[in-house]
Amino acid sequence: MKIYAHRGASGTFPENTLAAFEEAARLDIHGVEFDVHLTKDGELVVIHDETIDRTSNGEGYVKDLTLAELRAFDYGSWFGSEFAGEKIPTLEEVLAVFQQTTYHVNIELKSDIFPYEGMGEKVLHVIEKMGMAERVVISSFDHETVQDFKKLAPHIEVAILTMEVLVDAYDYARFIPADALHIFLPTALRKMAKEALVKGAILRVYTVNDVENAIALQKIGIHAIFTDYPEKMLLAVGKGS
């Protein structure tokens with residue numbers, strides 16, 4: 001079972017910062033996951049929430065602030081004083097951390113609240129520019145966006161994110177069409193996941209921070225987990241194949 005660092009090594013470093021990604025990059029794991037939003041001036045930035053309130057000393061919606069305005073705030077001090085001065089990273093800066101690695105990179109398009117116009121095209125441009133198309137999976141809770149991205153770039157892997165218990169998840173994913181399903185931990189040990197695995201679906205599960213859960217998922221054949229503690233999970237379940 002493969003391990004992805006969720007928002008970087010976010011259990012021990014401030015999430016979605018270069019510090020968290022550089023820590024993840026030094027580990028012998030399979031991949032990394034992070035979230036992308038679009039700024040007021042059309043720049044792609046890596047942050048989870050629609051606002052900067054929770055993870056910075058500023059406030060406001062990402063979509064209402066320019067990159068320069070977003071860079072004026074501190075994105076590390078909320079987590080610990082030793083991380084003071086961390087800035088919001090751009091997509092290109094984060095991809096640069098992993099460009100010379102073999103990491104599989106999961107870019108989540110955060111368009112399920114605000115439908116960021118043109119974000120998919122901009123993400124594709126950066127991926128292609130950096131020569132990373134073969135090592136990327138694009139995911140979103142906004143399944144229309146996933147569908148649109150697959151039409152735009154059929155050569156790039158896409159995945160649907162869901163928190164719900166789906167009936168025939170495998171067939172639904174094929175309808176999109178999505179190459180993988182990224183499912184919520186409580187649904188992963190239910191009939192939905194077992195049936196999808198039997199049909200040949202690729203299942204990755206979020207967010208798995210408890211070793212017992214990771215071992216249970218490994219036993220039923222889940223392909224990968226997203227975790228805030230990649231180093232701990234590497235010791236518990238191994239690197240995976």
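Select N16, which sits in the loop between β1 and α1; helices (H or I, at least four residues) and strands (E, at least two) are DSSP runs, numbered from the N terminus. The phi angle of N16 is near 55°, a positive value in a residue other than glycine. N16 has a relative accessible area of 3% and is therefore buried; buried means under 20% relative accessible area, exposed over 50%, and partly exposed in between, with a 1.4 Å probe and protein chains only.

This is a predicted model, in which local features need pLDDT of at least 70, side-chain atom pairs count only at pLDDT 80 or more, and totals for chains, interfaces and linings use all residues. Residues are numbered from 1 along each chain as its sequence is written, and side-chain values use heavy atoms, with hydrogens and water left out.

Next, select R7, in the loop between β1 and α1. R7 counts as buried because its relative accessibility is 15%. Leaving aside residues up to four places away in sequence, R7 touches E15, N16, A20, F21, E33, D35, H48 and R54; contact means heavy atoms within 4.5 Å. Show the side chains of R7 and E15: a polar contact of 3.1 Å joins them. A polar contact is a pair of N or O atoms within 3.5 Å; within protein, one must be able to donate a hydrogen and the other to accept it, and residues adjacent in sequence count only if both atoms are side-chain atoms. For scale, the C-alpha atoms of R7 and L189 are 24 Å apart in space, and the two residues are 182 apart in sequence.

Move on to helix α1, residues 18–25, where A19, A20, F21, E23 and A24 are buried. Against which elements do the buried residues of α1 pack? Colour β1 (2–6), β2 (31–38), β3 (44–46), α3 (91–98) and α9 (230–237) to see them.

Keep α1 and α3 in view. Their axes are 9 Å apart and they pack at an angle of about 20°; axes are lines fitted to C-alpha atoms, for helices over the stretch in contact, and angles run from 0 to 180 degrees between N-to-C directions. That angle makes α1 roughly parallel to α3, since angles under 35 degrees count as roughly parallel, over 145 as roughly antiparallel, 65 to 115 as roughly perpendicular and the rest as oblique. On the α1 side, select L18, F21, E22 and A25; on the α3 side, E93, V94, V97 and F98. By class, these contact residues are six nonpolar, no polar and two charged; Ala, Val, Leu, Ile, Met, Phe, Trp, Tyr, Cys and Pro count as nonpolar, Asp, Glu, Lys and Arg as charged, and the others, Gly among them, as polar.

Now turn to α8 (residues 211–220) and α9, whose axes come within 10 Å and cross at roughly 50°. α8 is therefore oblique to α9. V211, A214, I215 and Q218 of α8 meet K232, M233, A236 and V237 of α9. This contact has six nonpolar, one polar and one charged residues.

The last stops are in loops. Select D168, between β6 (157–162) and α6; D168 has a positive phi of about 55° although it is not a glycine. D168 counts as partly exposed because its relative accessibility is 28%. Then go to P177, between α6 (169–175) and β7 (180–184), where the peptide bond from I176 to P177 is cis, with omega near 0°. Finish at T207, between β8 (203–206) and α8: the peptide bond from Y206 to T207 is cis, with omega near -25°.
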